[in-house]
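Hi everyone, thanks for coming along. Let me put today's structure up on the screen, and then I'll walk you through it piece by piece.

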Amino acid sequence: MNKVILITGAAKRIGKEIAKEFFSAGAKVIIHFNNSEEDAVHFCEELNEIRPSSAISLQANLDDINEVKALAHNALTAFGKIDGLINNASTFYPTPMGDFTTQDWDALMGSNLKAPLFLIQELYQELKKQSGFVINVTDININRSIPNHSIYLAAKSGLSSITQSLAKDLAPEIRVNAIAPGAILEPPHKTWTEEEKNNILRTVPLNKMGTESDIAKAALFLADSLYITGQTLNVDGGKSL
Ligand SMILES: NC(=O)c1ccc[n+]([C@@H]2O[C@H](COP(=O)([O-])OP(=O)(O)OC[C@H]3O[C@@H](n4cnc5c(N)ncnc54)[C@H](OP(=O)(O)O)[C@@H]3O)[C@@H](O)[C@H]2O)c1
């Protein structure tokens, strides 16, 4: 694969695994990060040791529209082209009724909806030129709800909606798809109790958590599937059934 892929939030966890999957398929990868500089730099070094000049890391706070635009510009100049954008970065925390503020709204809408949409706008002409693709990472729970997460879920629902509308608006040159993960990893900085874990597994017909690799493989599949656009691939062990 002689392609250049920008993955947001790719210093750790699911984003990192997506970057590894595309790198292993021969792509050059642009690893976006916000706070996880050490992880991002170290990860790029590892990849460049395996294949020189094939990975670069770029910092941006996606809550800041100027940084979103700078990220797009720097990503474009990094390897001279971009074939694929994977909107994976996300802020996730509860916003119980009575407690949330406009800052919470901005933080949850920023990384989960506004930044992905504006990144696409900044990059669509280049993606058009390369007959490229966008993959938006949403969440299986937008159709089921998670208690006290109304703002996060509204943002992910918006991301799901723009996946469909932009698939039409940007066709035929650019394919726009989404992946909706189910229970893959515990949220950052949280460890589930056995009881919490069992409660989650009860809702998953395959009776196990997914892995980062399940999402990464789905992303590579969508990138390679030239007749699929506007679709959401549920990678959730059957949870949505
Ligand atoms: N984990 C799951 O089981 C699960 C379930 C359903 C959906 N998903 C979705 O799958 C994707 C990956 O999940 P994950 O659990 O691996 O994500 P995560 O660890 O919660 O977040 C990924 C990265 O997003 C970046 N990020 C957050 N806010 C940002 C901001 N304002 N500006 C720039 N970067 C920001 C962070 O980068 P830095 O560390 O560099 O700051 C973080 O490492 C997300 O879209 C998530 O919503 C995950």
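Before we look around, one term: a residue is called buried if 20 or more other C-beta atoms lie within 10 Å of its own, exposed if there are 12 or fewer, and partly exposed in between, with C-beta atoms placed from the backbone. Please keep in mind that this is a predicted model, where local features need pLDDT of at least 70, side-chain atom pairs count only at pLDDT 80 or more, and totals for chains, interfaces and linings use all residues. Residues are numbered from 1 along each chain as its sequence is written.

Ser-131 counts as exposed because it has 12 other C-beta atoms within 10 Å. Its phi is positive, about 50°, although Ser-131 is not a glycine. His-189 is another case, with a positive phi near 65° in a residue other than glycine. You'll find His-189 in the loop between β6 and α6 (194-201), and this residue is exposed too, with 6 other C-beta atoms within 10 Å. As background, most residues other than glycine have a negative phi, and most peptide bonds are trans. Pro-172 belongs to the loop between α5 (150-169) and β6.

I've been using helix and strand names, so here is where they come from: helices (H or I, at least four residues) and strands (E, at least two) are DSSP runs, numbered from the N terminus.

Now to the sheet. In what order do the seven strands of the open sheet come? The order is β3-β2-β1-β4-β5-β6-β7, and the pairing is parallel. Two strands pair here if DSSP finds at least two bridges between them. β3 (55-59) and β7 (232-235) are at the edges with a single partner strand each, so one side of each has no neighbour in the sheet. On average, neighbouring strands of this sheet are turned by 20° against each other, direction ignored; the axes behind that angle are lines fitted to C-alpha atoms, for helices over the stretch in contact, and angles run from 0 to 180 degrees between N-to-C directions.

Let's step across some of the pairs. β1 (residues 4-7) and β2 (residues 28-33) run parallel and are joined by four bridges, with Val-4 opposite Lys-28. β1 also runs parallel to β4, through three bridges, and there Ile-5 has Gly-84 as its bridge partner. From β4, four bridges lead on to β5, again parallel, and Leu-85 stands opposite Val-134. Five bridges then link β5 (residues 133-137) with β6, in parallel, where Asn-136 partners Ala-178.

Is β6 enclosed or open? Seven of the seven residues of β6 (residues 175-181) are buried, so this strand is largely enclosed by the rest of the structure. Arg-175, Asn-177, Ile-179 and Pro-181 point one way, while Val-176, Ala-178 and Ala-180 point the other. In β4 (residues 84-87), Gly-84 and Ile-86 point one way and Leu-85 and Asn-87 the other, and all are buried.

Next, the nonpolar cores. By that I mean sets of buried Ala, Val, Leu, Ile, Met, Phe, Trp, Tyr and Cys residues joined through C-beta atoms within 7 Å. The largest has 58 residues, and Ile-18, Val-29, Ile-31, Ile-135 and Ala-219 have the most contacts inside it. Apart from that core lies another of eight residues, including Ile-151 and Tyr-152.

Last stop, the ligand. Which of the 27 residues around the ligand come nearest? They are Gly-9, Arg-13, Asn-34, Ser-90 and Ile-184; a residue is near a molecule if its C-beta atom, placed from the backbone, lies within 6 Å of it. α1 (13-24) and α4 (102-129) each supply at least two residues of this shell, and α1 gives the most, with three. The shell divides into 12 nonpolar, 11 polar and four charged residues.

Terms used:
Nonpolar A, V, L, I, M, F, W, Y, C, P; charged D, E, K, R; others polar.
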